[in-house]
Amino acid sequence: MIEVNDLSVDLGEFVLKNITLTVNEGEYFIILGPTGAGKTVLLESIAGLYPIKSGKIWLRGKEVTGVEPEKRKISIVYQDHVLFPHLSVKKNIVFGLKMNKTTADEQNNKINWVAELLGISNLLHRRPDTLSGGEKQKVALARAIVTQPELLLVDEPLSALDPETREKVQHELRQLHRTLGITILHVTHDFEEAIALGNRIAVIGEGRLMQVGTPEEIFRHPNSEFVARFAMTRNIFHGKAERKSSGDTIFRVDGAEFIIAKEADGTYHASIRPEEILISTEPIRSSARNCFPGTITHILDKGSTLYVTVNIPPELSCMVTRHSFEEIGLHEGKKVYVTFKASSVHLFD
Amino acid sequence: MSFLKFISKNRLTVTFVLLGLLIFLFVILPLAKMIFASDAGILWETILDPEVRGAIGLTLYAALISTLVGFLLGIPLAYLLARHNFPGKRLIEGLIDVPIVVPHTAAGIALLFVFGKRFFLGQTFETVGITFVDSLAGVIIAMIFVSIPFLIDSAKEGFKKVDVRLEKVARTLGASPWQAFFRISFPLAWRSILAGNIMMWARGISEFGAVIILAYHPMIAPVLVYERFETYGLDYARPIAVLLILVSVIVFIILRAIAYRGDK
């Protein structure tokens, strides 16, 4: 579908170099990287909005490297929406259709179609500055897909939204991808977002492409120190949630059963923040419902804090301060207990 | 609260109000006195004087033409300066503002050195029948020279406030660079552009120094005021001055009202 070959972009302060990746037709492809890794610029280069230093880009078998952005059929949705402030919602959406010389009838049909698809029919006559964050995001998406682009680029679409709206928009994106079958290239710094949405993930960092693969591959088999650090400092699991006869809801992964605070049933991802897990040499009696014995398999030193990997199984990454690390006397191979609250287990699709 | 207590509690505000009042009166008093002290009969007679009406009309017209020329040539430069970084940009920005600080009689002489009959540009234009000495064209280039910085600076600030990514989105949606400019950047910067145009036009109307060097004739109103003052004295110069002030203020107020319509 889209092929990026040995792309290099000069960002002034640093250089994004030798980016090679292929996105398949209809794929939801995530580019994951820390803030400031040049993700937005990478998207703009693919859209033809940012001058590249070297490399080639193919779209559906045709080289588009030197082609003007208006002829590429690639739409972009920026993190902060970037709606045309002087135009109504309707005129924002119709902009692309007008540029592509569609008839008035066709314009109306397409506006109605996209407005219904995204549930924004009642917003068409509003001005952008009167919309909420979630509404703006939908309008930006509508404006981008109404021209039926071959590729949709989305730049951190969820990070400017409040948690509740985030979940809705995330759902919206997945729906959109399924119903339209459109190829989406989505950049984010959020690991959970990447795993929840991506068919495949490309991790970029230090100006290079570090690894490409399915969420499982990236997470289970990081191929470099960078990706490992990115993945190891997060606990993300794929497993099954179910309600037990005792009344508790549990999340089952690798034979372990985590008690969780939310009622759920079915296959989910779950994450636990490393700083919310306690390590002790004896089991702790507390209000925290989850306590498991395990063995320390790896220690990652980050200066004042350390990430200690404990294998229950599964492997859990726990953050401890240097002070407590030395006080308890942790080392690889040591048997310990890990404790965390049911509410620390965050469930997501 | 007693008056004294109020003053002692708001010393800064009170001081600033007094100082502000002083400078406000300084500006408004001469203008007001001139308008209100003038005799209505004489003013009417002045309006009937064809030479006066011709001069005021010519002033407004010449300033309008110079603003249009400034608009056509100044907006592209303002856009370039707002959007691109290139070596020498700071220098260009500085040089564009030089006409503001140059004494305007000196500006007139400088223009004469380029557009005068003995010089290259002057001769080139003469072959197509345009001369700049003692002509309307001379009035116009003098006005453009001294007033163009106001338009360029204002339009540049306007374009800078338009997010570059708005143009980028427009491009991905199928707009050419021209369409992105005319449909997105230009309308969004319009308020600043219009304000710049008004400033440029107003500055053109009030120009005297550069015009008098380049084109004493045809006579614009500021030159006519000067001439009447020199030949007949204060009493004859004043009614024209009053009329010029009234016309400029009225037009200025109307244009500002249009430009700031809808502002909160």
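**Note on helix packing, sheets, domains and contacts**

1. A right-handed crossing relates α2(A) to α3(A), and this should be read, like everything below, as a feature of a predicted model. The two helices concerned are α2, residues 89-99 of chain A, and α3, residues 104-118 of chain A, whose axes are 10 Å apart and meet at an angle of about 125°. Because of that angle, α2(A) is oblique to α3(A). On the α2(A) side the contact is built from K90(A), I93(A), V94(A) and L97(A), while α3(A) supplies Q107(A), K110(A), I111(A) and V114(A). Sorted by class, the residues of this contact are five nonpolar, one polar and two charged.

2. The crossing by which α4(A) passes α5(A) is right-handed. The contact draws on G133(A), G134(A), Q137(A), L141(A) and I145(A) from α4(A), and on T165(A), K168(A), V169(A), L176(A) and L180(A) from α5(A). Here the division by class is five nonpolar, four polar and one charged.

3. Turning to the sheets, an open sheet of four strands in chain A has the order β2-β1-β4-β5, with antiparallel pairing. Its edge strands, each of which pairs on one side only, are β2 (15-23) and β5 (62-63) of chain A. Strand β4 (residues 54-59) of chain A is joined to β5(A) by two bridges in the antiparallel sense, and L59(A) has K62(A) of β5(A) as its bridge partner. Helix α1 (residues 39-47) of chain A packs on this sheet, where it touches β1 (2-10), β2 and β4 of chain A, and the direction of α1(A) makes about 120° with that of β1(A).

4. Which residue of β14(A) is the bridge partner of H238(A)? The partner is H269(A), and H269(A) also stands opposite F348(A) in β20(A).

5. Chain A is divided into domain 1, covering 2-232, and domain 2, covering 235-348. The C-alpha centres of these two domains of chain A are 34 Å apart, and the contact between them involves six residues of domain 1 and eight residues of domain 2. Helix α6 (residues 191-197) of chain A contributes the most to the side of domain 1 that touches domain 2, giving four residues. That side of domain 1 has five nonpolar residues, no polar residues and one charged residue.

6. The contact between the chains takes 18 residues from chain A and 16 residues from chain B. On the side of chain B that touches chain A, the elements giving two or more residues are α10 (164-172) and α11 (177-205) of chain B. The largest share of this side comes from α10(B), with seven residues. By class, the side of chain B that touches chain A comprises eight nonpolar, four polar and four charged residues.

7. Some points of backbone geometry in chain A may also be checked by eye. Most residues other than glycine have a negative phi, and most peptide bonds are trans. Where in chain A does V82(A) lie? The residue V82(A) is in the loop between β6 (74-77) and α2 of chain A, and its phi is near 50°, which is a positive value in a residue other than glycine. The peptide bond from I312(A) to P313(A) is cis, with omega near -10°, and the bond joining P313(A) and P314(A) is a cis peptide bond as well, with omega about 5°. The loop between β17 (305-311) and β18 (315-321) of chain A holds P313(A), and P314(A) is likewise found in the loop between β17 and β18 of chain A.

Notes: Residues numbered from 1 in each chain as written. Chains lettered and ligands numbered in written order. Predicted model: local features only at pLDDT ≥ 70, side-chain atom pairs only at ≥ 80, totals over all residues. Left-handed = near helix turned anticlockwise from the far one by under 90°. Contact = placed C-beta atoms within 7 Å. Nonpolar A, V, L, I, M, F, W, Y, C, P; charged D, E, K, R; others polar. Axes fitted to C-alpha atoms, helices over the stretch in contact; angles between N-to-C directions. Parallel < 35°, antiparallel > 145°, perpendicular 65-115°, else oblique. Pairing = 2+ DSSP bridges. Domains from an automatic or database assignment.
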